[in-house]
Amino acid sequence: MDVNCDAVLDNLYLGGIQGPFNSEILRSQGITHILSILDRPLLAELVEGFKYKFIYALDLYDTDLLQDMEECLEFIEQGRQEGSVLVHCQAGASRSATIVIAYLMRACHMARDEALSFVKKQRPIVNPNQGFLEQLQLFENMGCRVDRSHEEFRMYTLNKLAIRIKSGLASFCTQLLLMCRKNFIWFTKLTVVNITCFIHRRPLFRQSVVLSHKKGEGESAFDWRSKIPPKASEMKPENLEAELEAKCDISLFVEPIEWMKGKIEHMEGKLSCPKCSAKLGSFVWYGERCPCGAWVAPAFHIQRNKVDEVKPHAVAPIPQQRTSLPPSYQLPVVVDPENDVDGASVDVNSLPLA
Ligand SMILES: [Zn+2]
Ligand SMILES: [Zn+2]
């Protein structure tokens, strides 16, 4: 085709913006669907007669293509079944190429790099920006689907949120609610351990909201942007894995939790128990360093010595014959998280629309 687009698979084309301006040529090639990844939609008259989908995205490191990825891949699949589909952006090199590579990864079971070189062979100018390459790697790690409950995806989303808040692009409340709705971050049902306040022993959150990071590294998997090198004194010495592990153990980094709402609408501050106001830790939206040296952003950190871990299966049964328990025998409080107003669960329907 002489409209700056190339066939990648049967019924799938990748190109620049020239295609839609030559709709007769597109039609003659059997194209029925157009997917635009641009900063503005195409004029209606250009896409008349085509099935059309527009996704707003700039070709920037921070642009989040994963949020719309599933929608795009469904549209491509539908387009290929009903006719042919053109995926395009301005140049057909970065944004649209990223979507097409993700499609190949899923449809043809290719790894990211394999799909990238496959597309480059059909269209040599293909060159997704570094942020998109990282998103494709995450897509691969999630099994070629956007899994909003995947830990790495939750970290990625949080970090994107921190960047938006820091740059003043988003207000705290709106974005928190939006994130909550989009990712169901607070509704995971993987209750293995409840973490309780050390004073009044009511549940504060579930183990599943605790986020991990790469120990002792100045740049963390948590932080997709701030590549802050560790100070020389914090560089990981050899054979000190155990020591790093111990340092990491001092803090728990968690996702923002329902009861924090209303208290984390500043760049940084203290976190205290919503019931008894005991000091539990602190938060810094732009990130802080774990004692092990890793940079974590955003950082909602709870001091481990201020909370207790309660393992439901470790609870000893109450002996039948006893009418009262000896004073030293304290049962941990285990509350059904689905019905627990103090815990991490929140009714999605009660949230206002963002
Ligand atoms: Zn650490
Ligand atoms: Zn408390």
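View 1. The model shown here is predicted. UniProt lists Cys89 under "active site", in an unreviewed entry. Cysteine 89 sits in the loop between strand S5 (84–88) and helix H3 (95–107).

**View 2. The surroundings of cysteine 89.** Is cysteine 89 buried or exposed? Cysteine 89 counts as buried, because 25 C-beta neighbours lie inside 10 Å. The cut-off for a buried residue is 20 or more. Across the protein, 37% of the 354 residues count as buried.

**View 3. Helix H3 beside helix H5.** H5 covers residues 130–141. The axes of H3 and H5 lie 11 Å apart, and the two helices pack at an angle of about 20°. H3 is therefore roughly parallel to H5, since angles under 35 degrees count as such. The crossing of H3 past H5 is right-handed. On the H3 side, the contact uses Thr98, Ile101, Ala102 and Met105. H5 supplies Phe132, Leu136, Phe139 and Glu140. By class, this H3 and H5 contact holds six nonpolar residues, one polar and one charged.

**View 4. Helix H3 against helix H4.** H4 spans residues 112–122. How do H3 and H4 cross, and within what distance do their axes come? Their axes come within 9 Å and cross at roughly 120°. The two helices are therefore oblique to each other. Here, too, the handedness can be read: H3 passes H4 in a right-handed crossing. From H3, the contact takes in Ala97, Val100, Ile101, Leu104 and Met105. From H4 come Arg112, Ala115, Leu116, Phe118 and Val119. Nine residues of the H3 and H4 contact are nonpolar, none is polar and one is charged. Ile101 and Met105 of H3 take part in this contact, and both also meet H5.

**View 5. The whole protein, for orientation.** Which share of contacts joins residues at least 24 apart in sequence? Among contacts between residues at least 6 apart, the share is 65%.

Technical notes. Residues numbered from 1 in each chain as written. Chains lettered and ligands numbered in written order. Predicted model: local features only at pLDDT ≥ 70, side-chain atom pairs only at ≥ 80, totals over all residues. UniProt positions renumbered as here; feature names shortened; annotations may be inferred. Helix = DSSP H or I, 4+ residues; strand = E, 2+ residues; numbered from the N terminus. Buried ≥ 20, exposed ≤ 12 C-beta atoms within 10 Å, placed from the backbone. Axes fitted to C-alpha atoms, helices over the stretch in contact; angles between N-to-C directions. Parallel < 35°, antiparallel > 145°, perpendicular 65-115°, else oblique. Left-handed = near helix turned anticlockwise from the far one by under 90°. Contact = placed C-beta atoms within 7 Å. Nonpolar A, V, L, I, M, F, W, Y, C, P; charged D, E, K, R; others polar.
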